[in-house]
Structure formats: C-alpha cells, structure tokens
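Good morning, colleagues. I shall take a few minutes to walk through the side-chain contacts and the helix packing of one model, and I ask that you keep the display in view.

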Amino acid sequence: RQDATWTTRDVFLWAVFSPRLDEELVRVLWRHLDDPIRSALVSSFIASSLAKVSRRDPKRYERKSRVYERWAVGVVDQCTDQNVAQIMLQQPFSSEEMLGTETPMRLAIRLKRKMFLAQAQMQLLLDAWWCGDILDLSTPPTGADGRPQARRPRWCVSSHPM
C-alpha cells in the first residue's frame, strides 16, 4: 500500500483546478512551494487552458491565469540585482521530474507566458540570447571578468496583442 500523504504542491494544484476557491488560499499555498516561479507559470497555463474548455465561467479562469502569471513576474521584480535575476531565470528547477534542464526562461517560452516574457529582466536575457551573447538559455552571459552580465534590450516581446 502506498503512502497517501498530500504535499503542499498537491493541494496547491487542487486549489488551482477548483473554480470557486478564493485566490487567497491559492496564494498562501503558493508561498510555501519550493519553486514559486515554476508553480505560478504552470498554474497560469493550467488556468488559461481551462478557460478555453470551460462552459461555465471561462472569464474567471482567464482572470486567474493573469493573476498567477503576475505572481511569477512579481518574484523576478523583487530581485534588485540584475545579475542575480539573470542567474535565477536561467537556473534549472530543483525537482527531479525536470531532470535539471528546465529553467524559468525555457518554461515561460514553452508555455507562451507573454506577460512573464515581457518582464524587464527577461527582456535583457532574451536580448542577450538573440544577439548571440549566450548560446544556451541555461548559460548566463558573462563579461571579461567572468561575472554574469546582460545587455540593454533592443526589442520587446509584447504582452498584449497588436
């Protein structure tokens, strides 16, 4: 018989899927997770996907999707040191199921989280990648002294449709 214990992540995902639960409960659970950026991006994607198939209240799921994505943006916005933020966005997630290859940047691109991709630190990182300053999204750009650096953005991923 398997142990039927629930983890915080399990309860968090249950709360994300529940249409009538208050976002405050979801936020309280989210604050206790090991990878808050990943959790916010994935829950945003889940809510966005549910909005496409929901017959009862698709607008509620769309609103939740934007809220969850703003949480991920807020985590990066709190980082005042540009180099630390760039490293954080390229650091592989800690969990075993990601096999050490998925990063917040790759996940946001794969899940098409435009608001997160439009965040200032993400723009610096995407610009460095676009210009060839970094060849792999998991390798931060470095300066002559070997410390991580980023260039000023020259283009912008729009978070709003044209």
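Let me begin with a term: a residue is called buried under 20% relative accessible area, exposed over 50% and partly exposed in between, using a 1.4 Å probe and protein chains only. Cys-131, in turn, counts as partly exposed because its relative accessibility is 32%.

Two remarks on the source are in order. The model is predicted, so local features need pLDDT of at least 70 and side-chain atom pairs count only at pLDDT 80 or more, whereas totals for chains, interfaces and linings use all residues. Residues are numbered from 1 along each chain as its sequence is written, and side-chain values use heavy atoms, with hydrogens and water left out.

To stay with cysteine for a moment: a disulfide is a covalent bond between the sulfur atoms of two cysteines. Here the term denotes a pair of cysteine sulfur atoms within 2.5 Å. How many disulfides does a search of the whole structure find? The search returns 0 disulfides.

I turn to the aromatic rings. Rings of Phe, Tyr and Trp (its six-membered ring) pair if their centres lie within 6.5 Å; planes under 30 degrees apart count as stacked, over 60 as edge-to-face and the rest as tilted. In one of them, Tyr-68 and Trp-71 are tilted, with 5.1 Å from centre to centre and 55 degrees between the planes. Both residues belong to helix H4, residues 58-77, and they sit 3 residues apart, about one turn of the helix. Helices here are DSSP runs (H or I, at least four residues), as strands are (E, at least two), numbered from the N terminus. Ring pairs join Trp-30, Tyr-68 and Trp-71 into a cluster.

Next, the charged side chains. A salt bridge is a side-chain nitrogen of Lys or Arg within 4 Å of a carboxyl oxygen of Asp or Glu, and the count comes to 4 salt bridges. Among them is the contact of Arg-63 with Glu-23, at 2.5 Å from N to O. That pair links distant parts of the chain, with Arg-63 in helix H4 and Glu-23 in helix H2 (residues 23-30), 40 residues apart. Arg-63 is partly exposed at 37% relative accessibility, while Glu-23 is buried at 18%.

Another salt bridge joins Arg-38 and Asp-35 at 3.6 Å, N to O. Arg-38 is buried at 9%, and Asp-35 is buried at 12%. Glu-102 and Arg-110 also form a salt bridge, with their closest N and O atoms 2.3 Å apart. In this pair, Glu-102 is buried at 10%, whereas Arg-110 is exposed at 51%.

Finally, helix packing. Helix H1 (residues 8-17) packs with H2 at an angle of about 155 degrees, and their axes are 9 Å apart. Axes are lines fitted to C-alpha atoms, for helices over the stretch in contact, and angles run from 0 to 180 degrees between N-to-C directions. H1 is therefore roughly antiparallel to H2, since angles over 145 degrees count as roughly antiparallel, under 35 as roughly parallel, 65 to 115 as roughly perpendicular and the rest as oblique.
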